[in-house]
Amino acid sequence: MIRCIAIDAEPAALKRLETYITRVPFLQLVGSCRDAVSARKYIEENIVDAVFMDINLPGENGIELARSLVTPPILVLISDKPDYALEGYKLNAADYLLKPYSQDSFIKAAEKVRLQYILRSGAVSVSGADYDDAIFFKTDYKVVRVSIPSIICVEGMSEYLKIHTDSQDSQYVILMSMKKLEDRLPSSFMRIHKSYIINLKKINEVSRSRVSLQNGMIVPIGDMYKEVFQAYLDSKFLGK
């Protein structure tokens, strides 16, 4: 999950921003602020991966706040004026949202955040700093190590989860919530249905309402996950 904070001086605009964040499965709203001072304090004292921030804040504006951060999170800048778009580019912002923005525009911005997050995570993994490509599960009275890249998808079965891997002989049933495992998996995994998390690197084909995976499984795409998944596909699509 990508830990986010929302920053906007207007209560109604802040509430809408909070709502949009909570509707995206891979975003986690961890805080909200209405000014630069409280936002800086929160960022310095907590782990924040991304900031969705209105530029027009009282006192110190969003651009000044972003420049002052030693290690800035991923930025999505928001404004009712297009004039700051160049500043956003200089700050390497993931996106620039012009008010009033739609939920569809927000979802596209969120997907850009996700891609930037994946790139940052990849940079960490190459260096070998605090990174492990495996996860441990308790199943059948023993603890097993499962390579994360080998996982094709996770299937929810009531209180249990079934972990499908590259090896047909290595499928695991564990007692765990879908949400808990979703939080543990890296950004190369996406929840596309209330009962399925898939490894995006294991997709073979995508139709209107389902995904074909490399092990032959056909996974449905849930209505509440379609927009985010489509935004991911759009970011990768090379056709006309």
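A salt bridge, for today, is a side-chain nitrogen of Lys or Arg within 4 Å of a carboxyl oxygen of Asp or Glu. Keep that in mind. The model on the screen is a predicted one. In general, side chains of opposite charge can pair when their charged atoms come close.

Let's take one pair. D8 and K99 meet through their side chains, with N to O at 3.0 Å. Where do the two residues sit? D8 is in the loop between β1, residues 2-7, and α1, residues 11-23, while K99 is in the loop between β5 and α5, so this pair ties together parts that are 91 residues apart in sequence.

Are they buried or exposed? The cut-off for buried is under 20% relative accessible area. D8 has 1%, so D8 counts as buried. K99 has 16%, so K99 is buried too.

P100 lies in the loop between β5, residues 95-98, and α5, residues 103-127. Why point this out? Because most peptide bonds are trans.

Next, two salt bridges inside helices. First, K41 and E45. The closest N and O atoms of K41 and E45 are 3.1 Å apart. Both residues lie in helix α2, residues 36-45. They are 4 residues apart, which is about one turn of the helix. K41 is partly exposed, at 48% relative accessible area. E45, at 54%, counts as exposed.

Now K108 and D104. For this salt bridge, the closest N and O atoms are 3.5 Å apart. These two residues are 4 apart in helix α5, so about one helical turn separates them. K108 is partly exposed, with 42% relative accessibility. D104 is partly exposed as well, at 36%.

On to the sheet. Which strands build it, and in what order? There are 5 strands, running β10-β9-β8-β12-β11, in an open sheet with antiparallel pairing. β10, residues 172-175, and β11, residues 189-193, are the edge strands, and each pairs on one side only. From one strand to the next, the twist averages 20°.

Zoom in on two neighbours. Strand β8, residues 151-157, and strand β9, residues 160-165, run antiparallel and are joined by 6 bridges. To find your way, look for I151: opposite it, in β9, stands T165.

Between β8 and β9 there is a loop, and S158 is found there. S158 is not a glycine, yet its phi is positive, about 60°. S158 is exposed, with a relative accessible area of 77%.

N92 is another such case. Its phi is positive, about 60°, and N92 is not a glycine either. N92 lies in the loop between α4, residues 85-90, and β5. At 52% relative accessibility, N92 counts as exposed. Why mention these phi values? Because most residues other than glycine have a negative phi.

Last stop, helix α7, residues 226-236. Which of its residues are buried? They are V228, F229, A231 and Y232. Look down the axis of α7: the buried residues fall within an arc of 155°, so they line one face of the helix.

That's my tour. Questions, please.

Key:
Residues numbered from 1 in each chain as written. Predicted model: local features only at pLDDT ≥ 70, side-chain atom pairs only at ≥ 80, totals over all residues. Heavy atoms only, no water. Pairing = 2+ DSSP bridges. Axes fitted to C-alpha atoms, helices over the stretch in contact; angles between N-to-C directions. Buried < 20%, exposed > 50% of the residue type's maximum accessible area, 1.4 Å probe, protein only. Arc of directions from axis to C-beta.
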